[in-house]
Amino acid sequence: MYYKYVSLETSKLILKNKTLKITNPTTFNDPFDCNFPGFTKNKKFITDKIDVILKKCIKSMGIHPPKEEYKRLRDDLISDAPHFIHLMEELIEGIRDDWDEIISHYRILCLTESQDNILMWSHYADQHNGVVLGFDFSHDKAFNKIQPVKYDKDDQSINQYMDVFVSSMINHAFKNEIEGRENDLDEDLITQRFVDGLSRFFFIKKYIWSYEKEHRLVVKDVPADINYMTFKSSSLKSVTFGVKIDVKDRENYKKLALEMYPNLSFNQASKLKGQLTIECL
């Protein structure tokens with residue numbers, strides 16, 4: 001189950017329209033969310049990887065070059081290291097400069113695996129006057145790529161990604177050397193491949209947010225005027241009312257909700273001995 005903390009009025013719109021808001025990440029409240037990650041690699045990082053990558057390439061291609069030929073190939077690739085570094089630096093700085101424009105073409109649905117978090121009730125559910133909606137998207141293909149967020153104290157994600165990215169560049173250059181072709185790195189193609197892999201960074205947040213236990217759906221290439229996704233009625237399973245909900249408002253809400261979702265279940269959050277508890281209604 002995935003949960004969404006919302007105000008009472010917002011939840012009524014969600015139930016009525018059968019839609020969930022997908023947010024442009026440039027408008028997130030936290031300006032560090034989806035921020036472009038740091039990068040600390042240097043020339044030594046490239047040269048250190050060349051031997052490892054060369055050996056993998058040679059093994060995969062089933063060739064056995066003499067030591068002199070291996071050394072020549074290695075030296076040629078090392079001589080290209082400054083070009084790799086320059087290309088990476090230009091690529092990363094260009095993407096960093098255009099980051100907000102790049103991520104503005106994505107939309108993100110934010111959910112959580114927990115419905116009993118006191119802080120989230122306070123922050124997102126109108127200070128316990130709202131509700132938590134429970135969803136099961138098992139049979140709703142539009143939501144089948146929801147993934148958990150990773151919380152890092154020291155975000156090394158860009159460096160890890162660059163390991164793979166640089167390896168592919170060196171692998172490409174090596175195959176050109178073996179086959180006697182000019183080293184023809186297509187910078188536009190490389191840039192596009194790099195950007196295509198950036199969606200992983202939407203699933204990384206600073207460790208301070210780990211209490212949210214967040215899960216996200218990231219949607220790419222969304223038109224500027226699209227900010228909602230439609231869900232199947234069967235996907236909405238439960239509504240949990242906040243501690244401070246007015247009883248009359250709750251009963252009216254239940255009556256309206258059951259007209260649209262006859263199989264919906266309801267829960268009530270309560271304060272019991274200083275703890276938040278949730279019970280079925």
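The structure is a predicted model, in which local features need pLDDT of at least 70, side-chain atom pairs count only at pLDDT 80 or more, and totals for chains, interfaces and linings use all residues. Residues are numbered from 1 along each chain as its sequence is written, and side-chain values use heavy atoms, with hydrogens and water left out.

The chain contains nine helices and 12 strands, taken as DSSP runs numbered from the N terminus (helices H or I, at least four residues; strands E, at least two). Of its 281 residues, 44% count as buried; here buried means under 20% relative accessible area, exposed over 50%, and partly exposed in between, with a 1.4 Å probe and protein chains only. The accessible surface of the chain is about 15800 Å², and 51% of this belongs to carbon and sulfur atoms (Shrake-Rupley method, 1.4 Å probe; for residues, only the protein chains shown count as cover). Among contacts with a separation of 6 or more, 85% are between residues 24 or more positions apart, a contact being heavy atoms within 4.5 Å.

Next comes the largest pocket, with a volume of about 920 Å³. A pocket is an open set of points, on a 1 Å grid over the protein atoms alone, where a 1.4 Å probe fits, with protein on both sides within 12 Å along at least five of seven lines; lining residues have an atom within 4 Å of a point. Grid points are joined across faces, edges and corners, and the volume is the space filled by probe spheres set on the points. The lining comprises 32 residues, of which K4, T23, N29, C110 and Y124 are the closest to the pocket centre. Two or more lining residues come from each of β1 (2–6), α1 (8–17), β2 (19–21), β3 (107–112), α6 (118–124) and β8 (214–219). Strand β3 gives the largest share, five residues. By class, 15 lining residues are nonpolar, nine polar and eight charged (Ala, Val, Leu, Ile, Met, Phe, Trp, Tyr, Cys and Pro count as nonpolar, Asp, Glu, Lys and Arg as charged, and the others, Gly among them, as polar).

Helix α1 also holds S11, which is buried at 0% relative accessibility. Beyond its neighbours within four places in sequence, S11 contacts V6, V131, L133 and Y253. In this helix, E9 and K12 lie three residues apart, about one turn, and form a salt bridge whose closest N and O atoms are 3.3 Å apart. K12 is partly exposed, at 35% relative accessible area.

In the whole structure there are six salt bridges, each defined as a side-chain nitrogen of Lys or Arg within 4 Å of a carboxyl oxygen of Asp or Glu. One of them joins K205 and E212 (3.3 Å, N to O), and both of these residues are buried. K205 and E212 also belong to a salt-bridge network with E214 and R216.

K254 is buried at 18% relative accessibility, whereas E251 is partly exposed at 36%. Not counting residues up to four places away in sequence, R250 touches F241, I245, Q268 and L281.
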